[in-house]
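Here are a few notes to go with your first look at this one. Have the structure open while you read, and take the points in order.

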Amino acid sequence: MVRKGKKESATPTKDTFDPLAIEGKTPATVVLLLSSPEEDILIKACETIHAFADRGDENKLSLLGLGALKPLCQLITHSNKLVRRFAFMALGVMSTHSEVKNALKNLNIIPSIIEKLSPHEETVVHEFGTLCLASLSVDFVSKAVIFSNNGLPPVIQLLSSPDPDVVKNSLEIIFNQIQDYPSRSAIHELGGIPHLLAQLKSEFPVIQQLALKILQNITIDKDTRVTFREEQGFEKLIDVLKNKDLQDLHAASLHVVVNCLNDSECFQLIHKGGGLAQLMEFILSPTLPEIQANAVKCVARVAQSSENCNILHKQNVEKILVELLSVNDDRVKGATSQAVSAMSTNLASKEVLRELGAISALVELLSSETSSVKRDASRALYDLTQNNLHNVMAVYEAGGHEPLVRLLTEECPETVANSAATLSNMAGQEDIRYSILSQNALPALVEPLKSKDSHVQISTALCVATLACDTASRTEFKNAGGLPPLVNLLDSKYKDVQKMGSLAVKACACDGPCAVEMCVLGALEKLQKINQSESQKTVFSEMAMMSLLNSNLPVKYSLMGFLSPTDHVKDGFYDAGKAVAGQRVLSLEEHYCQPVNRQRAIIVINTAKHSAEETVVCTEEKQHHLSGTDIHSVKRETPRLGRKKEEEKPKDKDLPCAVSQSPPQRHSKMLNDPALEALVQEAKETVLLLDEAMTQYSILARMVSKAMGGEVDRKKMHTFEWTLHISELKFELQSNVVPIGMIKQGTYYHRALLFKCLADCIGLSCSLVRGEYNRGWNEVLVLNGQTQRYVVDLMHNPGSLLKVNTPAAEQYQNI
């Protein structure tokens, strides 16, 4: 490199040197020259650095290490035009290296670059200045600095530059900037739309593609679409689409068209101008699959509006869509399925699509190897079958229920949700439901219930609710382990998930074993919590709770203190007393497995005959697994497995159960209740023979009173030692659970329960009400000229029927 002194005069004087020739053979030397006060040296140094950096990334990195960046940043504002030019050239080339770019962020160079993008600067400065900003604008912080320093206006103006490099760099800056919303909405306000549309006619494909990518992003904004429409943007895109020489631009152009068609107003104007017909013609013309797929997406976008759907329907778009479903390209198939979904909001289109064979084509797509195709096809079938029995039958006749069940195991959450929702639409028809169940649909729904995706949870729970309509299906779902994840849905923070979970719980709770297990899993407590919240409570949650209670009468009576005439007490029913708030009601098996305590006895109903060999086995592990199951569902051990051999039995006759130390184990005999059996038989032989209801209830009341100690004078209740009698029974049985027939001295609530049990056994109607302080009573309805409610006296004047709301009845109820 040659160094020259300043040319002040043609004749040297004694105060100046003659020009000196200085060679700069190393980058370090040239970098040092960037600090020279002489302009000629600065020009040559910057020019040399530009040439050196342009040779590769290693050279750029080397210059960074030598400290070239800081002086170059200062030189771009130099007063000498040539110094500025070559400094910009060097800086622009270096900025394309990632480490140089990171270093530039710390030098606050952006305001200086923006300042030099003014119209009076030369084109070379514009080119390398925009190149530098294009590199920096990839970074989030740099984007914010460019925007806050009003960098967009000069960049937009540079789109009209005659230099293609300046235009390309400016487009890259704009594209990077519009990734942030403030910049995106500012483009049309700054008059950028006409400049961008003008670039569609550029002779450089890269510029055209960049312009289209920017338009695709900014036309998401409604105000931008208005400006785009006013500038005849759609017409210019149609011109591009018509030009077969511009096929490389068709896919991107259609992306912009999709956004433009999002507004009903915009679509109406396009339709009136003949744009829709041109678009339909373009869809049908042979072209690249990607372009055709994007064209179909335009239809899907247009069909989001019901008004637009009517227009498309009149254009016979359904026929085009059905043809495209058979195109041998997954992108086209997926896009067409999306368009079918959108058109399904139109009732007429639903019918036409079925008649043209869309449903059978979509069912075939469910077996595609491409995940996105299965996702879109399953969604289309859901929309087509929504509230449309004919389409449901068409899916069934095409065998669609089989692949839909298989898709429940897909990894894609949307596919699973769509499939479950479609099956729910179909399961309303009994024959179809049984066919779906035969494909093991309920076990297949267990894993989706565990999904973290709320849409999957909602659709799956709804599917469970529609399929679990009989005992066999509910049992299958229970045995497949479906109840725990179902109950967990009640804890969801999403109200719709809770609602559908409640609906499925209601369906499953129609069976006693399912209801009992869900209660053990905490479903009742969860539903109580939901129903206590005004914002969470729904009709479904209230119905689910009542369904659980109606199928688990012991829990219902414990919680609500009331059983209606339609709540029939059966074997396995037990009265555990009033439930403590927030505490789960234990199952009968759990009560059997507890050691004898001083708490209130658990009164059990058991009219069935059991073998003397039958026992309930309670180990710690078995108690954990069996807690909450129905008494009759407990596995009864054979003598060989469930009882000790005779020589191993304890000799203490007072203890009917043995307690081993390792591991702890209790055996409690499921005792027969012959006294209760005898009472039931007596009631059938005597009470049922009577004609009048009043007499029937009176005779049954006396029978109950006699069985439990007879009439007790109100004033001598303190001498009626029923508590001691119950304690003796507990000690005799070595159990907190006492069969009701063994009770010979019973108070109000014992007698009321026995009356309810016998009445239910012989078909008489009565309710059971729990009162305070060991009170309990029965209410009956008697038609004697007019319907009248009575409280049955079982204690003080057995057989008397006391009219409800009279002093006598209130005294008996101790109100």
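**Notes on charged pairs and a nonpolar patch**

1. Let's start with Arg354, which is partly exposed at 22% relative accessibility. Keep in mind that this is a predicted model. The partner of Arg354 is Glu351: their side chains meet in a salt bridge, 2.7 Å from N to O. Glu351 counts as partly exposed too, at 21% relative accessibility. Both sit in helix α24 (residues 347-355), three residues apart, so about one helical turn separates them.

2. Asp511 and Arg474 form a salt bridge at 3.1 Å, N to O. Asp511 lies in the loop between α36 (495-508) and α37 (512-520), while Arg474 belongs to helix α34 (residues 471-479), so the pair ties together parts 37 residues apart in sequence. Relative accessible area is 9% for Asp511 and 8% for Arg474; buried means under 20%.

3. Over in helix α36, Asp496 and Lys499 are three residues apart, or about one helical turn. Their salt bridge has its closest N and O atoms 3.9 Å apart. Asp496 is partly exposed at 44%, and Lys499 is partly exposed at 26%.

4. How many salt bridges are there in total? The count comes to 23. Some of them join up: Glu534, Lys537 and Glu542 are linked in a network.

5. Met546, Met560 and Phe562 make a nonpolar surface patch of about 260 Å². Met560 is in helix α40 (residues 553-560) and is partly exposed, with a relative accessible area of 45%.

Conventions. Residues numbered from 1 in each chain as written. Predicted model: local features only at pLDDT ≥ 70, side-chain atom pairs only at ≥ 80, totals over all residues. Heavy atoms only, no water. Patch = residues over 30% accessible without salt bridge, like charges linked within 9 Å, V, L, I, M, F, W, Y side chains within 5 Å. Areas by Shrake-Rupley, 256 points an atom, 1.4 Å probe, with all protein chains shown as cover. Salt bridge = Lys/Arg side-chain N within 4 Å of Asp/Glu carboxyl O. Helix = DSSP H or I, 4+ residues; strand = E, 2+ residues; numbered from the N terminus. Buried < 20%, exposed > 50% of the residue type's maximum accessible area, 1.4 Å probe, protein only.
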